[in-house]
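This report examines selected local features of one protein model.

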Amino acid sequence: MARDLPHFHLRNLGQPRPFQAKGRGGPKRPSDVPNRAAHAQALLQAIDALPDIPAAELPGVYLEVRSRVDERLKKESLDASGLKLLRIEDAPVPGGAEERATVFATANGIEKLRKKIEQFRTESTPDREKDGEIVPGRPKNADLVQSVAAIAEAGLRALWRSPPGKFPAADVATVWEVWLEPQMTEAFVAAAPNYGVTVGVDRLEFPEDTVVIAWADHNQLALAVRRLGGVRALAAPTITADFFDGLPVDEQAQWVEEIAGRTTYTDNPDPGYVTLLDTGVSRAHPLIQPALSVDDRHAANPAWGLEDLKGHGTEMAGLALFGDLTPKLHQANPVSVVNRLESVKLLPDAGINPHHLLGVVTKQAINTVEQIGHRRRTFTLTTTTGEDTPHDGAPTSWSTEVDRLAAGVSGDIKQQRLVLVSAGNTDNFTFGAGNYLDRCDHEDNEIESPAQAWNVLSVGAFTEKTVLPDGEAAQALAPFGDLSPASRTASWSSHWPNKPDVVLEGGNWALSAMPPPMRHGWLSLLSTHHNYPVRSFTFTFDTSAATALAAKDVTELWSDYPTLWPETVRGLYVSSARWTQQMRAHLPAQPNKGDYTTLFQRYGYGVPDMARARRSASNALTLIVEDTITPYGISEKTGGDVHNEMKLFTLPWPVEALRALGNADVTLRVALSSFISPNPSEASRGVRYRYASHNLRFQINRAGENEARFLARISKAAEQPDGPVNDEDDLWEFGSNRRHVGSLHLDQLTCKASDLARRNLLAIYPVTGWWKSKKFLANGLPIVRYALIVEIDASTMDTDLYAEVKTSIDALVAAQAVVEV
């Protein structure tokens, strides 16, 4: 990260301290200043007081340019090469009014402005003749320079486009609406956390602006704006679902017509499908109908109707296609819907499914929709049960059946499936006046079945919705970027998987003087109403909404890489997730491995980042391997069951690029995803090796550890999976207690780039599972699939990791070896 020069301080981004040049003039053309040389000299001194852009490694500098009283700035000259006019406004001052312009200036723009002022001071236009008289020439650039009374570096207020009274109070972290240059948005969003600024996931796309929501105090945002550039304006957030839900029926329909007119639906002959296992979906809504064929609505029970009488499924359908409709309705850009829908009614219109039949009904639903034929389906289950609570993470009949369906050992068609399940919701009437997180973390609020299933992608909720109307006698319960109060958490020990896997937006609650906290339209998402045209929009929230958003993401990601396995897509999506700044604020300053437990139990691996999941930047790359392994066998010598093989990869590291970075820190992130076949017998409860058919692990060699020593260490770990753990030297951030659970294993380490260049051996190896028995293996040795995702991130460095790897990527699979253990 570039360093600030010692002579330039953050306070310069506060209230400008301009030089005031006095003068009078008419409204059309600035009048002559009394002292041309003094005026020019004062403006040049103001420019000299600005930061040295190249020396400070700044992209440019924001200027506040003030006019002389009752005169007009020459706007076209402030929007020239190297200068970008961002906004201009009138402001009352003693004796009249002045214009205040906010301008972003590059180093080249500053030099050109300086030159124009110098020319004004020393050069004049030629004399000319008019009506037989000689008219003296005027100072060059007189209209521009004489109109300017002051130039100073701009503060945040100079970028503020909302009413002045809404400008946030100083020294208080709050929500800002940040308007960005579209071409600079990605760079700003990626680097903003380095300055303590948390940027939300929602965006508005306008022809000349991209609008995001950020959480920061004045100093944090000021520093990010100054160091990163790209900010065109700041404003108070005003985008809420409440506006649209409160419109009259005819006006809602007009908004539907407007967004439908700029929406295109995929014509991909092999699209991805979000398959909603819910209350059905209404096709009457114009935003849903193009994505949902008449033949793609089903019911788990043929006696049930297909219409959505309860509304929940149609809400999820709108989110799975559009995401939160609130920002989509506010923008004017084209909207592209790339997913299609399938609907299977999982719940009867009246009453509920008998609890003991939930696994059967889920299987019937999947069998029914798969009769159509093969499709890339993201099965989305937003129905859970609290009747098994507390289960403490142990399997139930429903979660086990969902695991079997995902693994492809159940269902009419034996194939792996990608299944998303919501974490379940809390009861707001149980919340008191204490810290809401204490209530969310209580064992009564543990994740509901079947979200504890090993093979599914379990989705909880966080929130970035914290803005309430002015004068509202309430406040948002959850802070920006923290757990949604509706989201359940995992209270169990490390024997069972980390759940949820990820969290997405699920809305917030409003807390007034007396509990309980309540849902609020301003703190909700907006989706499609099942009773169109009587209603077009409806509020939606909680972990169901978060799961529908995840289904949208996952299906789009899978469409980008249609040949990937379901277990690969799961691993790639979860690996892209990161904890927000607010989530990490719950860690101590120097966290140890055990300190991460609370974060995993609340947030899983954090908030997914689709940009990170989809692509590799030059300074951040992702390697994906899909392979098989035969984990267990029968010894020819003893006839007993043994661990059969491990896979060893020589990773195609960008060695030269890493060595060039030397002692700079880089982050390695590894995810291993495999679907297990479950065994829920009573003897398996509390014994992780008895529930899973197989258990895989990964490990990377230490710097300076050769292949022979590395393999010896891994062989010992495979034979003693619960033996003493000593991976401190490996620098893993989360550690084996968190990594070695479930069927998705993820960890990261940060080390010097030169050390990582020497850590290029990665082993995939088995530990015991219920398949590892002589009786089972006598019928044949099972082969299992796994996906390996390896990421290197040197995002703070200017380096090209990708180019070097690209030349050797084809050799990755060829370089692997099968090693007997």
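Which residues does Glu-505 touch, not counting residues up to four places away in sequence? Contact here means heavy atoms within 4.5 Å. With that cut-off, Glu-505 touches Phe-462, Thr-463, Glu-464, Lys-465, Leu-525, Ala-545, Ala-546 and Leu-549.

## Basis of the model

This is a predicted model, in which local features need pLDDT of at least 70 and side-chain atom pairs count only at pLDDT 80 or more, while totals for chains, interfaces and linings use all residues. Residues are numbered from 1 along each chain as its sequence is written, and side-chain values use heavy atoms, with hydrogens and water left out.

Glu-505 belongs to strand E21 (residues 502-505). Helices (H or I, at least four residues) and strands (E, at least two) are DSSP runs, numbered from the N terminus. Glu-505 is buried but has no salt bridge, and the nearest side chain of opposite charge, that of Lys-465, is 5.3 Å away. Buried means under 20% relative accessible area, exposed means over 50%, and partly exposed lies in between (1.4 Å probe, protein chains only). A salt bridge requires a side-chain nitrogen of Lys or Arg within 4 Å of a carboxyl oxygen of Asp or Glu. For charge, Lys and Arg count as positive and Asp and Glu as negative; His and the chain ends are not counted.

Strand E12 (residues 272-278) is largely enclosed by the rest of the structure, because 7 of its 7 residues are buried. Both of its faces are covered: Gly-272, Val-274, Leu-276 and Asp-278 are buried on one side, and Tyr-273, Thr-275 and Leu-277 on the other. E12 runs parallel to strand E15 (residues 339-345), to which 7 bridges join it; Leu-277 has Val-344 as its bridge partner there. E12 also pairs in the parallel sense with strand E16 (residues 376-381) over 6 bridges, and Thr-275 stands opposite Phe-379 of E16. Two strands pair if DSSP finds at least two bridges between them.

Helix H8 (residues 312-322) has 10 of its 11 residues buried, so it too is largely enclosed by the rest of the structure. The buried residues of H8 include Glu-315, Met-316, Leu-319 and Phe-322. Gly-323 follows H8 and has a positive phi, near 75 degrees.

## Nonpolar cores

A nonpolar core is a set of buried Ala, Val, Leu, Ile, Met, Phe, Trp, Tyr and Cys residues joined through side-chain atoms within 4.5 Å. The largest one holds 76 residues, of which Leu-341 and Tyr-573 touch the most other members. Helix H13 (residues 542-560) supplies the largest share of this core, with 9 residues. Apart from it lies another core, of 37 residues, among them Leu-651, Trp-653, Leu-661 and Cys-751.

Leaving aside residues up to four places away in sequence, the contacts of Tyr-573 include Leu-457, Val-502, Leu-504, Val-554 and Met-610.

## Backbone geometry

Most residues other than glycine have a negative phi, and most peptide bonds are trans. Asp-392, in the loop between E16 and helix H11 (397-407), has a positive phi near 60 degrees. Asp-392 is partly exposed, with a relative accessible area of 41%. Asp-542 lies in helix H13 and has a positive phi near 75 degrees; at 6% relative accessibility, Asp-542 counts as buried.

Two cis peptide bonds can be described together. The bond from Lys-499 to Pro-500 is cis, with omega near 0 degrees, and Pro-500 is in the loop between strand E20 (482-483) and E21. The bond from Pro-515 to Pro-516 is cis, with omega near 10 degrees; Pro-516 is in the loop between strand E22 (509-511) and strand E23 (518-519).
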